[in-house]
Amino acid sequence: MRTLPLLDRFGRVGRDLRVSLTDRCNLRCTYCMPPEGLPWLPDEQELSDDEVVRLATVAVERLGITGIRFTGGEPLLRRGLVDIVRRVREVQPDRGRLGLSITTNALGLTRRAEDLAAAGLDRVNVSLDTVRPDTFQQIALRDRLHDVVAGLEAAHRAGLGPVKVNAVLLRDVNDDQAPELLRWCLERGYQLRFIEQMPLDAQHGWDRASMVTADEIHARLAEEFDLAPASEPRGSAPAELFTVDGGPATVGVIASVTRPFCGDCDRVRLTADGQVRTCLFARDESDLRTALRTGATDEELAERWVVAMRGKAAGHGIDDETFLQPDRPMSAIGG
């Protein structure tokens, strides 16, 4: 079987595939979508379980993908999630073991963590911006903090580790809570990553001037913790890691806007309706769903994917005066 690496024009090779399983979500985080939600994809436009597994198999066996993260919207809302994980786990890259993870808000994870672990999921990334119930409700517009905490605990018990927590700080909302959140995660053995708020909200209300920057995050943490750059190489990982109080625990800061890491990016995305996106901020997509449903062979699907990858831009261009926010919000792209 011929392998076609996902090589772009700048020498970067795609190894990490993010697969969105749905654009639906059961929270309404203010930096992502409006309170009333969004028009969801019609069922017939969403890839079926079989189609997701087939494209994942093509990515691993023919394109050299070594890690897949299932995203959303909220992937736990996908009824076939456990079966998809089980079937994709059976696919193996030429070398090593395929890494499988999900990014989730953890609502409902208490019921599915053990099944996901048994199906072959390696770990979870959980979105959690605060450990204060009132602030959680202010951001997510739902009183569900207790369910997220329970989901994290269930993932830890099921061995879906290391359990990672992703947090976004919003000015005058939770930007004073960074040390509190880090302390909470350290006490439970979770790995915390702070992410700069990105222009991916459905409302297109993102404002760089009000964004809490990586430097601000670091400064707030340094008021209460001794931080030092971690010695381990960063590679293509998006997070800059810092040891906390001498280690071994670390905290990460993902400076997607102020210190972009596009030059080392190895990620490619597949939306829930079967579109290849080479960047979170791409405005162009390549349609695999139509080819899939009109009889394309695995080799033809792989070749289409390779062509799409050649169109990947050098960077996301947020600092460019011509930058335009993508039409799709984060919930419809997949993180």
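Two strands are said to pair if DSSP finds at least two bridges between them. Helices (H or I, at least four residues) and strands (E, at least two) are DSSP runs, numbered from the N terminus. This is a predicted model, in which local features need pLDDT of at least 70, side-chain atom pairs count only at pLDDT 80 or more, and totals for chains, interfaces and linings use all residues. Residues are numbered from 1 along each chain as its sequence is written, and side-chain values use heavy atoms, with hydrogens and water left out.

**View 1. The open sheet has 12 strands**. Follow the order β9-β10-β11-β8-β7-β6-β5-β4-β3-β12-β13-β14, where the pairing is mixed. At the edges stand β9 (227-229) and β14 (286-287), each with a single partner strand, so one side of each has no neighbour in the sheet.

**View 2. Strands β6 and β7 pair in the parallel sense**. Three bridges join β6 (residues 123-127) to β7 (residues 164-168). Look for V126, whose bridge partner in β7 is V165.

View 3. Axes are lines fitted to C-alpha atoms, for helices over the stretch in contact (heavy atoms within 4.5 Å); angles run from 0 to 180 degrees between N-to-C directions.

**View 4. L182 sits in helix α6**. With 1% relative accessibility, L182 counts as buried (under 20% relative accessible area, 1.4 Å probe, protein chains only). Beyond its neighbours within four places in sequence, L182 is in contact with L192, L221, F225, V244 and V251. The C-alpha atoms of L182 and F225 are 9.5 Å apart, with the two residues 43 residues apart along the chain.

Definitions and conventions. Buried < 20%, exposed > 50% of the residue type's maximum accessible area, 1.4 Å probe, protein only.
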